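Take a look at the model below. The paragraphs after it walk through the fold step by step.

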Amino acid sequence: MADSSSPTIPVTARTLLRRYPVRGSFDRDTVYRILDEGFVCHVAFAVDGQPYAIPTGYGRAGDTLYLHGSAASRMMTSLANGINVCVTVTLVDGLVLARSAFNHSMNYRSVVVLGQARLVDDPEEKLVALRALTNHIVPGRWETLRPATTKEIAATTVLALPIEEASAKMRSGPPKDEGEDLEWPVWAGVVPMALHCEAPQPDARVRADVAPFEVAPLIAARHARS
Ligand SMILES: Cc1cc2nc3c(=O)[nH]c(=O)nc-3n(C[C@H](O)[C@H](O)[C@H](O)COP(=O)(O)OP(=O)(O)OC[C@H]3O[C@@H](n4cnc5c(N)ncnc54)[C@H](O)[C@@H]3O)c2cc1C
């Protein structure tokens with residue numbers, strides 16, 4: 001697992017933001033906060049000239065992003081060969097409704113990570129990865145679970161992507177309408193959006209002596225770093 005002490009991720013020709021570079025950030029903590037708040041990443045890679053962008057879960061431990069899945073999946077087998085990969089995470093914070101279609105936008109925070117993944121063979125690193133993947137969904141969940149068996153660990157393919165070439169981009173604030181557009185008689189502004197959980201639905205077989213699942217700390221933990 002890489003362990004970077006640099007607070008800034010070096011900009012490369014590939015991560016240089018071209019449009020609205022002012023919205024970009026290469027601050028490691030900013031990148032990690034967005035990664036930690038998201039649930040889903042899109043993993044993009046090309047096989048025989050055909051691009052695929054596959055949605056999946058992920059976890060972060062230090063400066064490494066972990067993906068896991070079935071050894072039979074095309075995503076896992078392709079990435080395990082060390083091909084180039086692009087992983088994106090997107091948080092939509094609001095709908096920006098302008099007075100013209102041209103100025104409509106979204107408020108967002110997003111991250112792009114470029115690189116090559118490696119197959120994780122070491123059982124100890126596999127455990128670190130599986131813990132990160134599990135606790136990414138619900139912080140502290142791993143510590144409450146029936147321990148993973150050797151068979152389960154062996155059956156799970158884990159990939160590690162170092163967060164060495166990455167960028168964040170963010171938009172916030174009102175629509176960018178200017179001039180005479182401001183006189184146009186239509187509502188304009190921002191409709192904030194946020195992910196939320198509904199009431200938990202317990203499995204009918206949960207032991208009677210187990211406390212109900214508390215959803216509030218889950219949401220609080222997710223936003224604590226944002
Ligand atoms: C929810 C959402 C809606 C968007 N809607 C639009 C839209 O309608 N039209 C539009 O043109 N753009 C939109 N964007 C912005 C879009 O993601 C790109 O930033 C934009 O296309 C500019 O790309 P570029 O040509 O400057 O950079 P590119 O040359 O495409 O990218 C260069 C590098 O910049 C970095 N980068 C680019 N975009 C992002 C990003 N979003 N997050 C993190 N790193 C990034 C990457 O490292 C990339 O390799 C949206 C973004 C989000 C998250």
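Strands β2 and β6 pair antiparallel, and four bridges join them. In this pairing, H42 faces T88 of β6. Strand β2, residues 41-47, also pairs with strand β3, residues 50-56. That pairing is antiparallel too, and it has seven bridges. Here F45 sits opposite Y52 in β3. Keep in mind that this is a predicted model.

Most residues other than glycine have a negative phi. Is D48 buried or exposed? D48 has 4 C-beta neighbours inside 10 Å, so it counts as exposed; the cut-off for exposed is 12 or fewer.

Y20 makes a second case. Its phi is positive as well, about 50°, and Y20 is not a glycine either. Y20 belongs to the segment before β1, which covers residues 24-25. Around Y20 there are 10 other C-beta atoms within 10 Å, so Y20 is exposed.

Next comes an open sheet. Four strands build it, in the order β4-β5-β9-β8, and the pairing is antiparallel. Which strands stand at the edges? They are β4 (59-61) and β8 (118-119). Each has a single partner strand, so one side of each has no neighbour in the sheet. Further in, β5 (residues 64-69) and β9 (residues 157-162) run antiparallel, joined by six bridges. Helix α3, residues 123-137, lies across β4, β5 and β9. The helix runs at about 125° to β4.

Turn to helix α1, residues 28-37. Its buried residues include V31, Y32, I34 and L35. These four cover an arc of only 160° around the axis, so they lie on the same side of α1. An α-helix has 3.6 residues a turn, so residues three or four places apart point the same way. What covers the buried residues of α1? The cover includes β4, β6, β7 and β10.

Strands β6, β7 and β10 come up again at the ligand. The ligand is surrounded by 15 residues. The closest are T15, R18, R19, S110 and K169. Three strands each give at least two residues to this shell: β6 (84-97), β7 (105-116) and β10 (165-171). Which strand gives the largest share? It is β7, with five residues. What kinds of residue make up the shell? Seven are nonpolar, four are polar and four are charged.

Finally, step back to the whole chain. There are five helices and 11 strands in it. The C-alpha atoms fill a box of roughly 65 × 50 × 35 Å along the principal axes. Of the 226 residues, 21% count as buried.

Technical notes. Residues numbered from 1 in each chain as written. Predicted model: local features only at pLDDT ≥ 70, side-chain atom pairs only at ≥ 80, totals over all residues. Near = placed C-beta within 6 Å. Nonpolar A, V, L, I, M, F, W, Y, C, P; charged D, E, K, R; others polar. Pairing = 2+ DSSP bridges. Contact = placed C-beta atoms within 7 Å. Axes fitted to C-alpha atoms, helices over the stretch in contact; angles between N-to-C directions. Buried ≥ 20, exposed ≤ 12 C-beta atoms within 10 Å, placed from the backbone. Arc of directions from axis to C-beta.
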